[in-house]
Amino acid sequence: MTDIPHLPFNDGNSIPQVGFGIWKVPPEIAADAVASALKTGYRLIDGAYLYMNEAGLGEGLRRSGLPREEVFVTTKVWNNEHGATKARASVERSLKTIGLDRLDLVLIHWPVPSQDLYVETWKAFIEMRDEGLMRSIGVSNFNVDHLERIIGETGEVPVLNQIECHPRLAQPELRAANARHGIVTQAWTPLGQGQTFEAEAVASAARRAGKSPAQVVLRWHIQNGTAVIPRSVNPARQAENLDLFDFDLTEAEMAAIAALDVGVRTGPDPSVFKML
Ligand code: NAD
């Protein structure tokens, strides 16, 4: 079984560099998908209250028979539950729904600057972490100004920033800012909806390495030091997306893939997104 490297957090904990994302996994098959991913070798499940499948996440975890400490569980607090009271209620509900007494990582899902509650939410996260509801606290979809504001106002640096990142949106500046602060970058939609699978930079590296285009794109993230959370409910693809550690991309291949960056998002812009 693949030995998945861990990336160190600035709080002393660490996270597997590859995990299994469960956005859009229907609740009725979430337990099967999570159990299958854990059987395949994944040790990180990336969930969120928004995904409406936290009960399945917990069921899959129990069904796997793995000791609790072997699996890293992430969840997120949604946009309409910012603020001290609601954020706490959200974390407590996630713990109950998943069936755990402690989460490994909780993220603020989006900053929602228009409601200006992310600093208060971050302060609540610090308290909950200190009380033991979660081991580590982080953010998602935070731009540099959002990061710098929470760090400036609390002195507490997130362990991780989960951002949209793939070859068409390579985010070099935001990844560098995360790194400067000692924050792990984790890519969501790491495969970029397959939009670069046929690009020559990806296809030729795949032919040369004897790997699939998806594996080449994921390997590009890995060599950038980015963590990834690809999603597939298909066990063969789950295995493919974990089989990333027996080949290297050359510097020229890395640069050719980086050159596919056109700064185009598949998702919303964090500076204005506010779906509540
Ligand atoms: P992804 O990049 O993981 O792509 C998933 C799609 O690619 C699916 O259609 C799947 O069938 C296909 N796929 C998977 N493996 C493949 C392979 N080997 N070959 C060909 N196709 C393959 O995209 P995603 O689900 O959008 O993102 C991954 C995870 O990121 C989510 O499940 C979720 O956990 C997280 N996420 C977070 C946010 C956020 O705002 N924080 C937003 C979106 C997603």
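Let's start at the ligand: 24 residues surround it, and the closest are Asp46, Ser140, Gln162, Thr189 and Arg231. Here a residue counts as near a molecule if one of its heavy atoms lies within 4 Å of it. Keep in mind that this is a predicted model, where local features need pLDDT of at least 70 and side-chain atom pairs count only at pLDDT 80 or more, while totals for chains, interfaces and linings use all residues. Residues are numbered from 1 along each chain as its sequence is written, and side-chain values use heavy atoms, with hydrogens and water left out.

Now look at what holds hands with the ligand. One of its oxygen atoms sits 2.7 Å from an N or O atom in the side chain of Asp46, and an oxygen atom of the ligand is 2.9 Å from a polar backbone atom of Leu191. On the nitrogen side, a polar side-chain atom of Asn241 lies 2.9 Å from a nitrogen atom of the ligand. On its own the ligand has 840 Å² of accessible area, and the protein covers 85% of that (Shrake-Rupley method, 1.4 Å probe).

Next, the inside of the protein. In soluble globular proteins, nonpolar side chains tend to be buried together. The largest nonpolar core here has 54 residues, and Val91, Leu103, Phe125 and Met134 have the most contacts inside it. Such a core is a set of buried Ala, Val, Leu, Ile, Met, Phe, Trp, Tyr and Cys residues joined through side-chain atoms within 4.5 Å; buried means under 20% relative accessible area, exposed over 50%, and partly exposed in between (1.4 Å probe, protein chains only). Helix H4 (residues 118–131) gives the most to this core, with seven residues. Helices are DSSP runs (H or I, at least four residues), numbered from the N terminus. There is also a second, separate core of 17 residues, including Trp78 and Trp188.

Helix H10 (residues 251–258) shows two faces. Its buried residues are Glu253, Met254 and Ile257. They cover an arc of only 100° around the axis, so they lie on the same side of H10 (the arc is taken from the directions from the helix axis to the C-beta atoms). These buried residues pack against helix H7 (200–209) and helix H8 (213–223), with contact meaning heavy atoms within 4.5 Å. The face turned away carries the exposed residues Glu251 and Ala252.

Last stop: Glu148, in helix H5 (residues 144–154). Glu148 is partly exposed, with a relative accessible area of 40%.

How values were computed: A polar contact is a pair of N or O atoms within 3.5 Å; within protein, one must be able to donate a hydrogen and the other to accept it, and residues adjacent in sequence count only if both atoms are side-chain atoms.
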